[in-house]
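Hi,

Here is the structure I promised to pass on.

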Amino acid sequence: MTDEPRARILIVDDDADHNDLERDAILGDDDRCSVAQAYSAQDCLEAVAKSPFDLVIMDYTLPDTNGLELMQQIKKMGFDFPVLMVTGHGDEGVAVEAMKQGAYDYLIKTPDQGFLDALPLQVRKVLKQHRIYLEKSRLEEKVRETKEYLEKIISNAGDAVLVLDPSGRVLSINPAGHKLFGKKAENLSTKTIFSLVKDEADCENLKKALDSEIGETNRIDIKMRGAMDRTLEVSVSSSMMEIDEKPQSVVIMRDMTEMLNMQRQLVESEKLAAIGDLVGSVAHELNNKLGPILGYAELMQRSVKDEKTRQRLRVIEDSALRAKSIIEALLGFSRHRKPLRSLFKLNKVLQDALSLMEFQLKRSGVDLELQLGQGLPEVFADSVQVQQIFVNLLKNAYQAVQPQDHKTIWIKTFERKESIFFSIRDSGVGVPEAHLNRVFEPFFTTRKFGKGVGLGLSVAYGMIKEHNGDITLNSKEHGGTEVTVKLPIGGKPTRARSPERRAK
Ligand SMILES: Nc1ncnc2c1ncn2[C@@H]1O[C@H](COP(=O)(O)OP(=O)(O)OP(=O)(O)O)[C@@H](O)[C@H]1O
Ligand SMILES: [Mg+2]
């Protein structure tokens with residue numbers, strides 16, 4: 001007992017001589033113990049209230065109450081000392097009852113030396129048992145605290161934490177996981193994690209990642225189906241562990257969708273800025289080269305007498321002028337060209353542009369429905385740019401009606417609230433919902449290679465904004481498209497916003 005901590009023992013026995021004998025027997029065995037003595041239940045309760053004990057040796061028969069009652073009263077006071085019940089010969093029933101009520105052990109009092117010999121051994125045994133009990137309770141408390149602490153960390157983690165069995169069935173999932181997968185997470189106890197993976201290849205990758213050695217961690221990036229059927233780009237880190245002697249995978253999933261989208265947008269906008277600069281400088285060079293072509297075509301028309309040659313020269317001049325206006329549109333896109341404004345009649349400018357395309361439209365069976373507003377005020381804008389916008393939109397409408405049996409394009413001009421509008425509606429294929437946000441993006445196109453570069457709408461958008469106007473596109477897949485352009489009647493030009501900021 002020497003290396004064990006000092007124990008405080010209380011002996012409760014109304015027989016003072018026997019009480020002393022018990023004390024001597026205990027101290028004789030271990031003088032490091034301290035022994036207090038009580039001679040009645042009342043004495044005992046007073047002593048217990050003053051200071052705690054490591055063991056109470058209690059005689060069952062006491063003058064004011066019996067041992068079982070006393071045990072209850074001590075318990076009621078909130079103490080949980082181990083009790084060694086001392087009973088008379090033939091009181092084994094009492095001893096059993098005492099054990100049931102929480103006594104650690106009992107000892108039968110015999111008139112001979114046997115009882116006093118056995119007492120110290122029994123004391124030692126009970127103290128040891130109690131120490132083990134206390135240590136076990138302390139460890140259990142520690143385990144409970146650690147478990148609570150870990151549970152708190154996992155349930156407050158920003159990443160989804162899942163525990164999977166070897167078949168991929170989800171055994172547990174934290175709140176972040178529920179948030180990530182929404183309603184789908186609720187069914188995961190019956191389904192496997194693979195039901196949330198988007199495609200076969202990613203499923204295979206996840207299976208490989210889960211099938212790791214114990215203690216090994218695997219990391220992969222996959223696409224998954226998230227809450228509200230959103231596609232998630234998820235970074236998965238999986239470790240194999242043995243829990244309750246069964247292999248289980250602890251999987252941490254981080255939603256990278258937003259961050260990757262931002263990264264892509266950044267790359268995209270840097271790419272667009274670089275393309276814008278490139279387009280600007282190429283357009284500038286081409287513009288310079290067109291100068292002599294236009295100049296000589298005009299000069300030669302003056303000197304040449306032959307009408308056929310003059311006509312051919314006019315075709316060269318017209319084509320060069322058209323090329324020039326496209327180059328100007330490109331310069332507009334790369335923001336190298338400011339609009340040259342003048343007052344003009346919108347209907348006239350649109351009709352001029354239409355006359356260039358009318359033949360081609362009619363030839364391919366397009367019905368043109370014109371509804372031009374009468375008495376519209378003049379527009380203060382760059383007429384070449386307005387024509388360019390109109391032609392771009394008309395070209396889009398023309399391309400959209402091509403696959404249809406009934407091809408109709410409606411062109412309308414009208415005035416509303418200090419602004420003049422023109423709209424082009426078609427009975428074409430319409431824009432799928434997924435593309436609606438993107439049609440104004442520069443270089444967004446669904447055309448076949450060589451049939452479009454995806455600049456029509458973004459150039460139109462840039463020019464219209466430069467005019468302080470507006471452009472809206474309403475469309476339904478298979479239900480046709482209407483693009484409406486708003487031009488202000490007068491007013492000073494304002495600084496343009498970049499086309500890529502347009503998100504409809
Ligand atoms: N009237 C329309 N009907 C259906 N889809 C359209 C219509 N107008 C535009 N779009 C869609 O928007 C995309 C972008 O149009 P935009 O005019 O900017 O470029 P593009 O026509 O593809 O090429 P470009 O005009 O440079 O020759 C088109 O590829 C098409 O998918
Ligand atoms: Mg186009």
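Let me start with one residue. Val349 sits in helix H10, which covers residues 346-363. Val349 comes out as partly exposed, because 18 C-beta neighbours lie inside 10 Å and a residue needs 20 or more to be called buried. Leaving out residues up to four places away in sequence, Val349 touches Phe344, Ser383, Val386 and Gln387. Ser325 is another matter: it is 24 residues from Val349 in sequence, with 15 Å between the two C-alpha atoms.

Val429 is the other valine I looked at. You'll find Val429 in the loop between E15 and helix H12 (433-436). It has 19 other C-beta atoms within 10 Å, so it is partly exposed. Its contacts, apart from neighbours within four places in sequence, are Ala400, Pro403 and His478. Gly480 is 51 residues from Val429 along the chain, yet their C-alpha atoms are 5.7 Å apart.

Now the ligand. Which residues come nearest to ligand 1? Of the 22 around it, they are Asn396, Ala400, Thr445, Gly452 and Gly456. Helix H11 (383-401) and helix H13 (456-466) each supply at least two residues of the shell, and H11 gives the most, with four.

Asp229 has a positive phi of about 60° without being a glycine. It is placed in the loop between strand E8 (217-225) and strand E9 (231-243), and it is exposed, with 9 other C-beta atoms within 10 Å. Glu418, also not a glycine, has a positive phi near 65°. Its place is the loop between strand E14 (407-416) and strand E15 (419-426), and with 10 C-beta neighbours inside 10 Å it counts as exposed.

Stepping back to the whole chain: there are 13 helices and 17 strands. The radius of gyration is 47 Å, well over the 23 Å that the globule rule gives for 504 residues, so the chain is more spread out than a compact globule. The C-alpha trace spans about 155 × 50 × 45 Å along its principal axes. The chain is divided into domain 1 (8-148), domain 2 (157-255), domain 3 (258-337) and domain 4 (338-504), and the centres of domain 1 and domain 2 are 55 Å apart, taken over C-alpha atoms. Buried residues make up 28% of the 504. Among contacts between residues at least 6 apart in sequence, 62% join residues at least 24 apart.

Finally, confidence. The chain averages a pLDDT of 87, and 92% of the residues score at least 70. The stretch to watch is 492-504, where pLDDT is below 50; this stretch still has 26 contacts in the model beyond near neighbours in sequence. Where pLDDT is low, the predicted coordinates should not be read in detail.

Cheers

Notes
Residues numbered from 1 in each chain as written. Chains lettered and ligands numbered in written order. Predicted model: local features only at pLDDT ≥ 70, side-chain atom pairs only at ≥ 80, totals over all residues. Near = placed C-beta within 6 Å. Domains from an automatic or database assignment. pLDDT = per-residue confidence, 0-100. Contact = placed C-beta atoms within 7 Å. Rg over C-alpha atoms; globule rule 2.2 N^0.38 Å. Buried ≥ 20, exposed ≤ 12 C-beta atoms within 10 Å, placed from the backbone.
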